[in-house]
Amino acid sequence: MIQQDTKELEERAIFVMREAKTKFKNVAAMWSMGKDSTTMLALARKAFLGKVPFPVIHIDNGIDFPETYAFREELAKKWKLDLIVAKSEIKPELSGFACCGANKTVALKRVMEEHGIDALIVSIRRDEHGIRAKERYMSPRDKEFKWDYKNQPAEIWDDYSSKLDAKGHIRVHPLLDFNEIDIWQYVKKNKVPVNPLYFSRNGLRFRSLGCTHCTVALKSDAKNVDDIIKELESTETEERSGRSQDKEKMYTMEKLRALGYF
Amino acid sequence: MFEKDIRPIADALWKDQSKQNWEAFGTSLKKSGLKYYRIVFEAGKLEKQDDLRTSYAELYDAKEKLVAKIPIFMTDGANVEGATIYLKGLLNLNR
């Protein structure tokens with residue numbers, strides 16, 4: 001796995017978040033309590049003098065891991081986060097992915113409308129999934145949350161799109177250039193707290209965290225951040241191989257994102 | 001350490017997954033001495049509402065001995081919600 005200069009990645013992520021905070025009225029960030037979104041919050045604290053200056057949203061389907069809920073409460077208190085918990089109903093008839101897809105998007109639409117949010121920081125990375133590689137740092141969504149990935153603005157010379165459709169919003173992606181191993185290098189260097197489920201127990205660990213029903217543990221002996229970095233230097237397994245929605249048809253994720261999934 | 005038997009509350013949860021019963025479970029869990037949980041989900045993935053109803057959690061003590069099984073959902077009228085937040089404090093055995 002290619003490792004990059006975390007200082008350079010940090011500077012870009014901070015620049016993108018500051019740009020978003022300046023350009024938009026009501027910025028919010030998605031927080032799943034995973035390594036990426038927690039790293040994003042750590043970066044936001046660096047960008048804005050030790051405080052996350054926007055609300056963080058957790059779309060809660062009620063079947064997250066208990067450790068994830070405990071981590072949420074602990075860090076929200078420690079970092080004084082303005083946490084919004086949006087309950088997502090489990091209605092399989094809305095989507096094949098009972099706890100993702102349309103169910104989560106419905107909850108997100110509701111909370112964004114309630115709070116008048118016009119820019120949403122999401123911690124996706126290009127190396128996670130083919131469809132995520134098509135994203136921009138600032139990516140417009142229409143009022144139905146739809147993403148026209150075939151017609152996106154170019155982002156040359158750090159000129160990001162901040163044009164808003166009527167009632168649409170912008171997705172902001174400060175971690176787009178990070179690789180999985182860069183995240184862990186950043187976690188190590190900056191002592192970012194992480195969900196304990198990432199560490200091995202009985203020869204198994206979770207490499208990508210979703211809810212209890214879509215996340216499967218993978219074989220690993222990595223018991224700390226150093227072990228994880230060492231493991232990633234030589235792994236040939238995909239990061240999201242333990243996540244069930246990615247095992248569906250290859251274009252399912254593309255369809256989900258085009259419809260507003262994050 | 002005072003350990004409270006969680007089994008009667010687990011039985012009550014199988015009969016009625018109301019918020020009230022879940023709150024009582026959450027309170028008792030703290031005094032139960034239980035340490036681990038395992039999510040058992042035989043359907044593989046959620047495709048219909050009933051798949052959630054058939055999944056459950058196994059609760060284990062500090063010696064990893066199975067103590068009780070509980071549902072992992074809460075009912076509120078016709079609505080079904082996940083209730084894994086009430087297992088907070090326990091450690092995962094699925095890995």
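Student: Which residues of H3(A) are buried?
Tutor: Keep in mind that this is a predicted model. The buried residues of H3(A) are Pro66(A), Glu67(A), Thr68(A), Tyr69(A), Phe71(A), Arg72(A) and Leu75(A).

Student: What covers the buried residues of H3(A)?
Tutor: Elements from both chains. The cover includes strand S2 (56–60) of chain A, plus strand S1 (34–40) and strand S6 (91–92) of chain B.

Student: How far apart are the end C-alpha atoms of helix H3 of chain A?
Tutor: They are 18 Å apart. The helix covers residues 66–78, and at 1.5 Å a residue its 13 residues should span 18 Å, so the two agree.

Student: And what follows H3(A)?
Tutor: Lys80(A) does, with a positive phi near 50 degrees. Most residues other than glycine have a negative phi.

Student: Is Met33(A) buried or exposed? And Lys191(A), buried or exposed?
Tutor: Met33(A) counts as buried because 25 C-beta neighbours lie inside 10 Å; the cut-off for buried is 20 or more. Lys191(A) has 9 other C-beta atoms within 10 Å, so Lys191(A) is exposed. The limit for exposed is 12 or fewer.

Student: Switching to H1(A). Which residues are buried there?
Tutor: Thr6(A), Leu9(A), Glu10(A), Ala13(A), Val16(A), Met17(A) and Ala20(A). They cover an arc of only 130 degrees around the axis, so they fall on the same side of H1(A).

Student: Why would spaced-out residues point the same way?
Tutor: An α-helix has 3.6 residues a turn, so residues three or four places apart point the same way.

Student: What's on the face turned away from the buried side of H1(A)?
Tutor: That face carries the exposed residues Lys7(A), Glu8(A) and Thr22(A).

Student: What do the buried residues of H1(A) pack against?
Tutor: Five elements of chain A: strand S1 (27–30), helix H2 (35–47), strand S4 (119–121), strand S6 (169–172) and H5.

Student: Tell me about H5. At what angle do the axes of H1 and H5 of chain A cross?
Tutor: At roughly 95 degrees, and the axes come within 10 Å. That makes H1(A) roughly perpendicular to H5(A).

Student: Which residues in H1(A) and H5(A) meet?
Tutor: From H1(A), Thr6(A), Leu9(A) and Glu10(A). From H5(A), Asp182(A), Gln185(A), Tyr186(A) and Lys189(A). The contact residues divide into 2 nonpolar, 2 polar and 3 charged.

Student: Now the overall view. How many helices and strands does chain A have?
Tutor: Chain A has 7 helices and 8 strands. Buried residues make up 50% of its 262 residues.

Student: And chain B, how many helices and strands?
Tutor: There are 3 helices and 6 strands in chain B. From the N terminus, the order is α-α-β-α-β-β-β-β-β. Of its 95 residues, 37% count as buried.

Student: What about contacts that span the sequence?
Tutor: Take contacts between residues at least 6 apart in sequence. In chain A, 74% of them join residues at least 24 apart. In chain B, 55% of them do.

Note on methods: Residues are numbered from 1 along each chain as its sequence is written. Chains are lettered from A and ligands numbered from 1 in the order in which they are written. This is a predicted model: local features need pLDDT of at least 70, side-chain atom pairs count only at pLDDT 80 or more; totals for chains, interfaces and linings use all residues. Helices (H or I, at least four residues) and strands (E, at least two) are DSSP runs, numbered from the N terminus. Two residues are in contact if their C-beta atoms, placed from the backbone, lie within 7 Å. The expected span of a helix is 1.5 Å times one less than its number of residues. Axes are lines fitted to C-alpha atoms, for helices over the stretch in contact, and angles run from 0 to 180 degrees between N-to-C directions. Angles under 35 degrees count as roughly parallel, over 145 as roughly antiparallel, 65 to 115 as roughly perpendicular and the rest as oblique. Ala, Val, Leu, Ile, Met, Phe, Trp, Tyr, Cys and Pro count as nonpolar, Asp, Glu, Lys and Arg as charged, and the others, Gly among them, as polar. The arc is that of the directions from the helix axis to the C-beta atoms.
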